[in-house]
Amino acid sequence: MSMPPAPQSPYQTPLSPWGAPLPAPPEKSRVGLMAGIIGGVLLLIVALLATLVLVGKKIENGLPRAEYALTVPRAVLDGDDELTRDESATLGRAMKRSWSRSWDAEAVHGLVARYRPVSGDRGELTVAAMYGRFRDIAGVRARVLAGNRARATQVKVLVPPQDVTPSGSRVRVDCEVLTRTWADGAKLTYPVCAWADGNTWGRVAYMTLDTALNVDLKNEARTTLRIRSAMVRPIR
C-alpha cells in the first residue's frame, strides 16, 4: 500500500523544471549606470573642447601676422610738417583700451600725434593711428571714420566717405569732408582720410583754415599714404 504524498510546506522554495531553486531576479547595477552617465558626460566635454579649439584656430587664422609697427616721427611730408604734440601716452592708451575689446583686432597699440607746417598758412595735421593685427579691413576703415564723428555732435558730414585710393597703391584710402561748428558760430571745413591694412590703420585730419568746399580728396589721399610711409616700420 503506497503512502500518501507529504503535504507541501507553504514556505518551501519553488523548484524549476530541472529541480533547482529558481534564481531571484537580478538587480540593476547602479555602479554600471553611474559609469555610463559619467562616460557620456566626459565624451560631451571632450567634444565641446575640441569644437572650441577648432573655432579658436579658425579665428586665429583670420588674423594676419604682425609684420609692421608704427612710430611717431619728428617730422612728416619731407620735413614740411613738424611734430608739436605726441599724445600717445594719453589718447593713444585710451584708443588701445577701446580696441582691445574688439573681435577684429589683437595686440593693438595706439598713437596720436599733431603736426604743424613749418611755413605757410595750412592748418594742423592730426594723426590717430594703431598697429597690431586686424581683420575685416573694410570694416576697420569704416569704423575709423565713424569714430571721428562720434565724439562731437557739432561735426557734420559734407562729403560722405568714398574710395579715393591713388592708382597703383595696394593700400586702400577712404576720405570724407567734415565741417565743425563752434558755439560762437565759427566753422571749419576739413578733409579726413583713413587707411587700413592687416597690421596698421591711421586717420589723418587736415585741419585747414579754408571754409570753402574746394577740397581735393585725391591729393589728400596721396598725402595720407606719404604720412603712412613715414610712420611704418618693419618688425624685426
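Q: Let's start with charges. Which residue forms a salt bridge with Arg 141?

A: Keep in mind that we're reading a predicted model. The general idea is that side chains of opposite charge can pair when their charged atoms come close. Here the partner is Asp 174, and the closest N and O atoms of the two side chains are 3.2 Å apart. Asp 174 belongs to strand β7 (residues 173–181) and Arg 141 to helix α3 (residues 137–150), so this pair ties together parts that are 33 residues apart in sequence.

Q: Are Asp 174 and Arg 141 buried or exposed?

A: Both are buried.

Q: How many salt bridges does a search of the whole structure find?

A: It turns up 10. One of them joins Glu 87 to Arg 114, with 2.8 Å between the closest N and O atoms. Glu 87 sits in the loop between β3 (81–86) and α2 (88–99), while Arg 114 is in strand β4 (residues 105–117), so to read this one you look across distant parts of the chain, 27 residues apart. Glu 87 and Arg 114 are both buried.

Q: And what joins Glu 106 and Arg 133?

A: Another salt bridge, at 2.7 Å from N to O. Glu 106 is in strand β4 and Arg 133 in strand β5 (residues 124–134), so once again parts that are 27 residues apart in sequence get tied together.

Q: Which residues do salt bridges that share partners join into one network?

A: When you find a pair, look for further partners. Asp 174 and Arg 141 make a salt bridge at 3.2 Å. Elsewhere, shared partners join Arg 85, Glu 87, Arg 114 and Glu 124 into one network.

Q: Now the greasy parts. Which residues of the largest nonpolar core touch the most other members?

A: The background first: in soluble globular proteins, nonpolar side chains tend to be buried together. In this model, the largest nonpolar core has 27 residues, and Leu 70, Leu 125, Ile 227 and Met 231 are the ones that touch the most other members. At least two residues of this core come from each of β1 (68–70), β4, β5, β7, β8 (187–196), β9 (200–207) and α4 (217–231). The largest share is from α4, with five residues.

Q: If I click on Ile 227, which residues is it in contact with, leaving aside its neighbours within four places in sequence?

A: You'll see Leu 77, Leu 125, Val 127, Val 204 and Tyr 206. There is also a second, separate core of 21 residues, which includes Val 112, Phe 134, Val 144 and Tyr 190.

Q: How many aromatic pairs does the structure hold?

A: Two. To read a pair, check how far apart the ring centres are and what angle the planes make. For Trp 99 and Phe 134 the centres are 6.1 Å apart and the planes are at 85°, so the pair is edge-to-face. Trp 99 is in helix α2 and Phe 134 in strand β5, so this pair ties together parts that are 35 residues apart in sequence. Trp 99 is buried at 7% relative accessible area, and Phe 134 is buried at 1%.

Q: What kind of aromatic pair do Trp 99 and Trp 201 form?

A: A tilted one, with 5.3 Å from centre to centre and 35° between the planes. Trp 99 in helix α2 and Trp 201 in strand β9 are 102 residues apart, so here too the pair links distant parts of the chain. Trp 201 counts as buried, at 2% relative accessibility. Together, Trp 99, Phe 134 and Trp 201 make up one aromatic cluster.

Q: Which charged end sits over the ring of Trp 99?

A: That of Arg 143, at 3.7 Å from the ring centre.

Q: Zooming out, how many helices and strands does the protein chain have?

A: Four helices and 10 strands. Along the sequence they follow the pattern α-β-β-β-α-β-β-α-β-β-β-β-α-β. Of the chain's 236 residues, 36% count as buried.

Q: What share of the contacts with a separation of 6 or more comes from residues 24 or more positions apart?

A: They account for 61% of those contacts. As for the surface, the protein chain exposes about 15,400 Å², and carbon and sulfur atoms supply 59% of that.

Terms used
Residues are numbered from 1 along each chain as its sequence is written. This is a predicted model: local features need pLDDT of at least 70, side-chain atom pairs count only at pLDDT 80 or more; totals for chains, interfaces and linings use all residues. Side-chain values use heavy atoms; hydrogens and water are left out. A salt bridge is a side-chain nitrogen of Lys or Arg within 4 Å of a carboxyl oxygen of Asp or Glu. Buried means under 20% relative accessible area, exposed over 50%, partly exposed in between (1.4 Å probe, protein chains only). A nonpolar core is a set of buried Ala, Val, Leu, Ile, Met, Phe, Trp, Tyr and Cys residues joined through side-chain atoms within 4.5 Å. Contact means heavy atoms within 4.5 Å. Rings of Phe, Tyr and Trp (its six-membered ring) pair if their centres lie within 6.5 Å; planes under 30 degrees apart count as stacked, over 60 as edge-to-face and the rest as tilted. A charge sits over a ring if NZ of Lys or CZ of Arg is within 6 Å of the ring centre and within 35 degrees of the ring normal. Accessible areas come from the Shrake-Rupley method with a 1.4 Å probe; for residues, only the protein chains shown count as cover.
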